[in-house]
Amino acid sequence: MKLSQFKFKLTDEDIALEPSYHRDECRLMILHRKSNKIDLYRTDENGEPLTDEEGNKVYLDFRNVLDHFDEGDVFVFNDTKVFPARLYGTKERTDAKIEVFLLRELNEEMRLWDVLVEPARKIRIGNKLFFDDSGTMVAEVIDNTTSRGRTLRFLYDCPHDKFKKELYALGEAPLPHYIVDRRAATEDDMDRFQCIFAKNEGAVTAPASGLHFSRELMKRMEIKGINFAFITLHCALGNFHDIEVEDLTKHKMDSEQMFVEKEACDIVNEAKLAKHHVCAVGTSVIKATETAVGTDGLLKEYEGWTNKFIFPPYDFGLADSMICNFYHPMSTLLMSSCAFGGYELVMKAYQLAQEHGYKFGCYGDAMLILDD
């Protein structure tokens, strides 16, 4: 397919700058990919839309996900943990303000980090950056990696655990720029931009579809007999990069580190073999499971990296249902959703979402795609 097929106009009002007050109370839209139906409203036992006291139809909310799964079904979650990756420092001598976005630690002993800097034109090899008023947290630029990429060596002599704690204390939640360009990140965002089941540190952006799950909802799912499988894919920034080619087959994704362990494989494969539903929570889970699925349709153990780029048409080998958010135009996340739900149906859902005031982005509303 072509990049231009995923173009639509998204206004500032369409984008959620804040999450729902409760994680599980955002709106939900349900797509039925075989019957091509789209559900927006809650219904009674006869299938008639419910109305409020003023006669308005009542929209589905995320807790209605539970209505479509039964005992023995499995939800696959990404348990990566976001760290406070965005820091602000000043350049020596000029005191110019510099944004430093931590990507990953390259060497613990030498305190080497792979980072992005902005504005990059001001940062050269040999420059020093200061991150606190006392001048104790200092980094030296030792290499250029990409146009905005740099390798920093932090000049901080202490045990590694203490260094990392001090470094993270200076950082903030790595909200995407479509939010922080319109409001500053707060201390609350570090909690709100983290899934409640987050465990394995390494992500610089949240697996946003997992943000909708509350402890209360997961407990209700557990009581109903729904099982959980956890994989790890450390979400990187590649999904936010502009695609610069019209022919999608020529686009190259950045690699992301992922882990699929035996426990997750056993849970998922038992459900698959028993003909139960397997629901992938988010595009990162789809990417990971499609990387690790075998030709027999079963999930295999995996430790390594993936640069899988999923766009229509694509034959999925594992999950038969999917939860996703409403994503930006021409994004790889939108393309993954279209591959799973069908291009025409998903793009029609996006049009309806804008008409009905659904919110887009990581803090926005959710979509459930079912195979019926």
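The structure is a predicted model, in which local features need pLDDT of at least 70 and side-chain atom pairs count only at pLDDT 80 or more, while totals for chains, interfaces and linings use all residues. Residues are numbered from 1 along each chain as its sequence is written, and side-chain values use heavy atoms, with hydrogens and water left out.

Figure 1. Along the principal axes, the C-alpha atoms fill a box of roughly 70 × 45 × 45 Å. The accessible surface is about 17,900 Å², and 46% of it belongs to carbon and sulfur atoms; such areas come from the Shrake-Rupley method with a 1.4 Å probe, and for residues only the protein chains shown count as cover. Buried residues make up 52% of the 372 residues, where buried means under 20% relative accessible area, exposed over 50%, and partly exposed in between (1.4 Å probe, protein chains only). Contact means heavy atoms within 4.5 Å, and of the contacts with a separation of 6 or more, 71% join residues 24 or more positions apart.

**Figure 2. Helix α8 and the elements around it.** Helix α8 (residues 343-355) has 13 residues and reaches 19 Å from its first C-alpha to its last, close to the 18 Å expected at 1.5 Å a residue; the expected span is 1.5 Å times one less than the number of residues. The buried residues of this helix are Tyr343, Leu345, Val346, Met347, Ala349, Tyr350 and Ala353. An α-helix has 3.6 residues a turn, so residues three or four places apart point the same way. The buried residues of α8 pack against β1 (28-32), β2 (37-39), β16 (321-325), α7 (332-341) and β17 (366-370). Just after the helix, Gly357 takes a positive phi of about 80°.

**Figure 3. Arg86, a buried residue in a strand.** Arg86 is found in strand β5 (residues 86-91), and it counts as buried because its relative accessibility is 2%. Beyond residues up to four places away in sequence, Arg86 touches Glu99, Val100, Phe101, Gly171, Glu172, Ala173, Pro174, Leu175, His177 and Val180.

**Figure 4. Leu211, a buried residue in a loop.** Leu211 is found in the loop between β11 (200-203) and α4 (215-224), where a relative accessibility of 7% makes it count as buried. With its neighbours within four places in sequence left aside, Leu211 is in contact with Arg23, Arg192, Phe193, Gln194, Cys195, Ala206, Cys362 and Tyr363. Leu211 and Leu333 are 122 residues apart in sequence, and their C-alpha atoms are 16 Å apart in space.

Figure 5. Most residues other than glycine have a negative phi, and most peptide bonds are trans. A cis peptide bond joins Glu118 and Pro119, with omega about 0°, and Pro119 is found in the loop between β7 (112-118) and β8 (128-130). Arg121 also lies in the loop between β7 and β8, and at 66% relative accessibility Arg121 counts as exposed. The peptide bond from Pro312 to Pro313 is cis as well, with omega near -10°; Pro313 is found in the loop between β15 (302-306) and β16.

Figure 6. Lys275, a residue other than glycine, has a phi near 65° and lies in the loop between α5 (262-273) and β14 (278-281), where it counts as exposed at 74% relative accessibility. Met330 is not a glycine either, yet its phi is positive at about 55°. Its place is in the loop between β16 and α7, and at 32% relative accessibility Met330 counts as partly exposed.

How values were computed: Helices (H or I, at least four residues) and strands (E, at least two) are DSSP runs, numbered from the N terminus.
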